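Trainee: Please walk me through this model, one feature at a time. I want the rule for reading each feature, then the case.

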Amino acid sequence: MSATPTKTPVKGPASYFPSIEKKYGRPVTEWLELIDASPLARHMELVAWLKSEHGLGHGHANALVAHSLAHRGR
């Protein structure tokens, strides 16, 4: 009898990605590219920018920025 692979649940900021794509109609890769292209560098500056300029909610903006900053320079 073969074992069925179990799907590991996504944790952390990436757990928000499906709802971000569904709600705002853009792939997460586009949001991450916008963040990377921004002249802003500080976490809360980027969150505020996504909220004011792109209409994201705080949790979604925070998740995208946290993921982006954690993966910069890799």
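Mentor: Start with α3, whose buried residues pack against α2 and α4. Buried means under 20% relative accessible area, exposed over 50%, and partly exposed in between, with a 1.4 Å probe and protein chains only. Contact means heavy atoms within 4.5 Å. The model is predicted: local features need pLDDT of at least 70, side-chain atom pairs count only at pLDDT 80 or more, and totals for chains, interfaces and linings use all residues. Residues are numbered from 1 along each chain as its sequence is written, and side-chain values use heavy atoms, with hydrogens and water left out.

Trainee: How many helices and strands does the protein have?

Mentor: Helices (H or I, at least four residues) and strands (E, at least two) are DSSP runs, numbered from the N terminus. Here there are four helices and zero strands. Along the sequence the pattern reads α-α-α-α.

Trainee: Which residues of α3 are buried?

Mentor: General idea first. An α-helix has 3.6 residues a turn, so residues three or four places apart point the same way. In α3 the buried residues are L46, V47 and L50. They cover an arc of only 105° around the axis, which puts them on the same side of α3. The arc is taken over the directions from the helix axis to the C-beta atoms. On the other side of α3, S52 and E53 are exposed.

Trainee: What span does α3 reach from its first C-alpha to its last?

Mentor: The expected span is 1.5 Å times one less than the number of residues. α3 has 12 residues and reaches 16 Å, close to the 16 Å expected. Just after α3, G55 takes a positive phi of about 75°.

Trainee: Which residues of α1 are buried, and which are exposed on the face turned away?

Mentor: α1 covers residues 17-24, and F17, I20 and Y24 are buried there. Those buried residues fall within an arc of 60° seen down the axis, so they line one face of the helix. The face turned away carries the exposed residues P18, K22 and K23. The buried residues of α1 pack against α2 and α4. Just after α1, G25 takes a positive phi of about 70°.

Trainee: Against which helices do the buried residues of α4 pack?

Mentor: They pack against α1, α2 and α3. The buried residues of α4 are H60, A61, A63, L64, V65 and S68.

Trainee: How many residues are in the largest nonpolar core?

Mentor: In soluble globular proteins, nonpolar side chains tend to be buried together. A nonpolar core is a set of buried Ala, Val, Leu, Ile, Met, Phe, Trp, Tyr and Cys residues joined through side-chain atoms within 4.5 Å. The largest one here has 14 residues. I20, W31, I35, L50, L56, L64 and V65 have the most contacts inside it. Each of α1, α2, α3 and α4 supplies at least two residues of this core. The largest share, four residues, comes from α2.

Trainee: Which residues does L50 touch?

Mentor: Leave out residues up to four places away in sequence, and L50 touches W31, I35, G55, L56, A61, L64 and V65.

Trainee: How many salt bridges does the structure hold?

Mentor: Side chains of opposite charge can pair when their charged atoms come close. A salt bridge needs a side-chain nitrogen of Lys or Arg within 4 Å of a carboxyl oxygen of Asp or Glu. The structure holds two. One joins R72 and D36, at 3.6 Å from N to O. R72 lies in the segment after α4 (58-71) and D36 in helix α2, so the pair ties together parts that are 36 residues apart in sequence. R72 is partly exposed at 34% relative accessible area, and D36 is partly exposed at 48%.

Trainee: Where does R26 lie, and with which residue does it form a salt bridge?

Mentor: R26 lies in the loop between α1 and α2. Its partner is E30, with the closest N and O atoms 3.1 Å apart. R26 is partly exposed at 28% relative accessibility. E30 is partly exposed too, at 32%.

Trainee: Is S38 buried or exposed?

Mentor: S38 is buried, at 11% relative accessible area. It sits in the loop between α2 (28-37) and α3 (43-54). Leaving aside neighbours within four places in sequence, S38 is in contact with L46 and W49.
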